Amino acid sequence: MTLEQGYLAAAEGWYSGGSFLNFQVISGSTSSTGTGPAAAASGSYYAYVESSSPNSPGYTFALWQDFGRTVNSITFNYHMYGAAMGSLQLQGSADSSCYSYDTLWTRSGNYGSVWNYAAVDFDSSDGYQCLRFVAVTGYSYTSDFALDSITTYFALSPTVEPTSGVELSCSFENDTCSFVNGELYNSWTSQSGSTPTASTGPSKAKKGNFYMFVEGDDYD
């Protein structure tokens, strides 16, 4: 979730509100001094909780998504700055209705005026398909929470036995076959013919016209 469109996009699948109060999307600093970030962790926009009256003390906000498949891990940036900071939880549900949740990660209190990074791994056997962030405001307006750069990673499909007669392959002729490229690492590049650097790389694809390669000259 990048939030660079300036609002919670249904196309990205994240929703807020419902039984809880809404996260908001903002660019720049929050409206109160002594709490909240001055800018996004990445890009221009981020999601945040406005804790000014009447949203404190002890009001609950939620941001959630039903992914429809098992989530293996999630990374995100969080900002918890203010003398009255409450608590922030990441929760997961394996229910098809996303009704019952387990607490997977939690923070509370003042972490200073900085963006912090979190990476949370799950056991795929837990079957978490729904995730939500739950923020509870503290005793006053200095408890604005913020989230940015939320990225989820999913469990691989079970291996198909060779005896099943089903072949799993990707020729890269049209696309990357749902392989995720880049994100935490440098990107592979789609190529036809030889690579641009002499004395390294193939002169053509093994099969068809296209293949994926890493250009070592970019990282000398």
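Q: Let's begin with contacts: among those between residues at least 6 apart in sequence in the protein chain, what share joins residues at least 24 apart?
A: In the protein chain, 71% of the contacts between residues at least 6 apart in sequence join residues at least 24 apart, where contact means heavy atoms within 4.5 Å. Please keep in mind that this is a predicted model, in which local features need pLDDT of at least 70 and side-chain atom pairs count only at pLDDT 80 or more, while totals for chains, interfaces and linings use all residues. Residues are numbered from 1 along each chain as its sequence is written, and side-chain values use heavy atoms, with hydrogens and water left out.

Q: How many helices and strands does the protein chain have?
A: The protein chain has zero helices and 13 strands, so along the sequence the pattern is β-β-β-β-β-β-β-β-β-β-β-β-β, with helices (H or I, at least four residues) and strands (E, at least two) taken as DSSP runs numbered from the N terminus.

Q: And what part of the protein chain is buried?
A: Of its 220 residues, 37% count as buried; buried means under 20% relative accessible area, exposed means over 50%, and partly exposed lies in between, with a 1.4 Å probe and protein chains only. The accessible surface of the protein chain is about 12400 Å², and 48% of that belongs to carbon and sulfur atoms, as computed by the Shrake-Rupley method with a 1.4 Å probe, where for residues only the protein chains shown count as cover.

Q: Now the rings: how many aromatic pairs are there?
A: The structure holds 12 aromatic pairs, and a pair here means that rings of Phe, Tyr or Trp (its six-membered ring) have centres within 6.5 Å, with planes under 30 degrees apart called stacked, over 60 edge-to-face and the rest tilted. One of them is the edge-to-face pair of F67 and F154, at 5.6 Å centre to centre and with 65 degrees between the planes.

Q: Where in the chain do F67 and F154 sit?
A: F67 is in the loop between β5 (60-66) and β6 (71-80), whereas F154 is in strand β11 (residues 145-154), so this pair links distant parts of the chain, 87 residues apart.

Q: Is each of them buried or partly exposed?
A: F67 counts as buried because its relative accessibility is 15%, while F154, at 24%, counts as partly exposed.

Q: What about Y78 and W105?
A: Their ring centres are 5.0 Å apart and their planes are at 70 degrees, so this pair is edge-to-face. It also links distant parts of the chain, with Y78 in strand β6 and W105 in strand β8 (residues 102-108), 27 residues apart, and both Y78 and W105 are buried.

Q: Which residues do the ring pairs link into a cluster?
A: The cluster is made up of W14, F67, F76, Y78, W105, Y111, F133 and F154.

Q: Which charged end sits over the ring of F154?
A: That is R69, whose charged end is 3.7 Å from the ring centre of F154; the rule asks for NZ of Lys or CZ of Arg within 6 Å of the ring centre and within 35 degrees of the ring normal. In another such case, R132 lies over the face of Y101, at 3.8 Å from the ring centre.

Q: Changing topic, which cysteines form a disulfide?
A: C98 and C130 do, with their sulfur atoms 1.8 Å apart, and the count for the structure is one disulfide, defined as a pair of cysteine sulfur atoms within 2.5 Å. The torsion about their S-S bond is about -50 degrees, so the disulfide is left-handed. The pair links distant parts of the chain, since C98 is in the loop between β7 (87-93) and β8 and C130 is in strand β10 (residues 130-136), 32 residues apart.

Q: Are C98 and C130 buried or exposed?
A: C98 is buried, and C130 is buried as well.

Q: What is S93 in contact with, leaving aside its neighbours within four places in sequence?
A: S93 is in contact with C98, Y99, S100, Y101, G127, Y128, Q129 and C130. S93 is found in strand β7, and it counts as buried because its relative accessibility is 0%.
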